[in-house]
Amino acid sequence: PPASQNNEQGSTLRDLLTTTAGKLRLGSTDAGIAFAPVYSTGTASGKSGRTMPNILDDIIASVVENKIPPNRAPKINVKSEIKDEPKDDRKCIQDDCSKRYSDIQYSWICDKHVLWLRDHKNNNNWKLFKECWKQGRPVLVSGMHKKMNFSLWKAESISLDFGNQQADILNCKDSIISNTNVKEFWDGFEDVSKRQKIKNGETALLKLKDWPSGEDFKAMMPARYEDLLKSLPLPEYCSPEGKLNLASHLPGFFVRPDLGPRLCSAYGVAATKDHDIGTTNLHIEVSDVVNILVYVGIAKGNGVLSKSGVLKKFEEEDLDDLLRKRLKDSSELPGALWHIYAGKDADKIREFLQKIAKEQGLEVLPEHDPIRDQSWYVNKKLRQRLLEEYGVKTCTVIQFLGDAIILPAGALHQV
């Protein structure tokens, strides 16, 4: 194009393609459509003919033929072509839900950032879930253990069936990984006296990470695999055959993320001196994830907090009133403490953790990513600083026995 047109909108082929791609209609000859095909069918004998266009030539020919000025590329109104546009106003959706979904037992927790579906049996749960999922917010579904065969998930049952298996066991405090019999891990699951000791004589906080996982889970534990699948919350989304489970219906040529399932088991921090550590450090999953708490062990032995002591530790957290009420319910068994952050806060959190690392005299390399490396558990003091210095609020959730926590891809979390 002439030099005077170099900076005009739509003056390049790239601009033309990007501004008109959404208007492609095969066979169209509308003057406003850049992609009107120009096919040359050739002679009857077919010697000089063709059946498929040379795409680039035809686009250029079409542009010339239709005489679309470079500064008048057609604009695409995407919103007008999309039905049921997700609403951005959280309050509006919550008010609307109370009218439209009066048959569903639910509440909003964590300053209305998390949807809590209280009746796992309600077949209409997925409709309300969809409204929440559009906004990329976590969802909690309670009572899943009532659908499961509880005896399959007891620590002693798993140890009896698979104690001779070898696996990597992670020491959550200093990240030492060892390959050992899983029986050693399970023997100490509820008996602190049988747990490994670290150098200073302190009880190790061990984690059996992702054992077994994926196809190994299905092959090794078929009964437990089937029990898990029939007990999944919101099967329309979470079941491998769910009609709204996009990942399960991707064509074979896509590289799918590891969809599991995987078993993740860990000792609680109640028997350790340091309660500022976690069994899962702050990280991000690349796909949506559903985590069901299938078993909560009650540890015994010296140094273990009593039940009231454990509850007191939970109550020290910045909890929603509804979660505090659940803690006082004797029929509920709390097992895990989650801290969740929205994906949009990832850059702020990354910057904050790098700042803390420098304060502590740690080397911060250019390629170091504290979230990707899963090198931090953000304790209570740091969570308060994160709020005060960066305006990032922590969403704190207690996971009780049978609770399923469903997180959208990109949501940061630690346990």
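## Buried loops, a sheet and a pocket

E317 is found in the loop between α10 and α11. Helices (H or I, at least four residues) and strands (E, at least two) are DSSP runs, numbered from the N terminus. The model is predicted: local features need pLDDT of at least 70, side-chain atom pairs count only at pLDDT 80 or more, and totals for chains, interfaces and linings use all residues. Residues are numbered from 1 along each chain as its sequence is written, and side-chain values use heavy atoms, with hydrogens and water left out.

E317 has a relative accessible area of 13%, so it is buried. Buried means under 20% relative accessible area, exposed over 50%, partly exposed in between (1.4 Å probe, protein chains only). Leaving aside residues up to four places away in sequence, E317 touches R324, L337, H339, R383 and T396. Contact means heavy atoms within 4.5 Å. The side chains of E317 and H339 form a polar contact of 3.1 Å. Such a contact is a pair of N or O atoms within 3.5 Å; within protein, one must be able to donate a hydrogen and the other to accept it, and residues adjacent in sequence count only if both atoms are side-chain atoms. I398 is 81 residues from E317 along the chain, with 9.7 Å between their C-alpha atoms.

In α10 (residues 307–315), G309, L311 and F314 are buried. Their cover includes α11 (321–327), β10 and β11.

**The second largest pocket**

The second largest pocket has a volume of about 600 Å³. Strands β10 (334–341) and β11 (395–400) are the elements that give two or more residues to its lining. A pocket is an open set of points on a 1 Å grid over the protein atoms alone, where a 1.4 Å probe fits, with protein on both sides within 12 Å along at least five of seven lines; lining residues have an atom within 4 Å of a point. Volume is the space filled by probe spheres set on the points, which are joined across faces, edges and corners. The lining has 29 residues; H113, Y341, A342, K393 and C395 lie nearest the centre.

**S231**

S231 lies in the loop between α8 (222–230) and α9 (235–238). Its relative accessibility is 0%, so S231 counts as buried. The S231 side chain reaches the backbone oxygen of K147 at 3.4 Å. A polar atom of that side chain lies 2.7 Å from the backbone oxygen of D227. Beyond residues up to four places away in sequence, S231 touches M144, K147, M148 and I292.

**An open sheet**

Four strands form an open sheet in the order β5-β4-β6-β7, with antiparallel pairing. Its edge strands, β5 (177–181) and β7 (265–266), each pair on one side only. Two strands pair if DSSP finds at least two bridges between them. Strand β6 (residues 206–208) and β7 are antiparallel over two bridges. K207 stands opposite A266 in β7.

**Backbone exceptions**

Most residues other than glycine have a negative phi, and most peptide bonds are trans. These cases depart from that.

| Site | Feature | Value |
|---|---|---|
| W211 and P212 | cis peptide bond | omega about -15° |
| G260 and P261 | cis peptide bond | omega about 0° |
| C110 | positive phi | near 55° |
| K112 | positive phi | near 65° |

P212 lies in the loop between β6 and α7 (214–220). P261 is in the loop between α9 and β7. C110 lies between β1 (106–109) and β2 (114–117). It is buried, at 10% relative accessible area. K112 is in the loop between β1 and β2, and is partly exposed at 43%.
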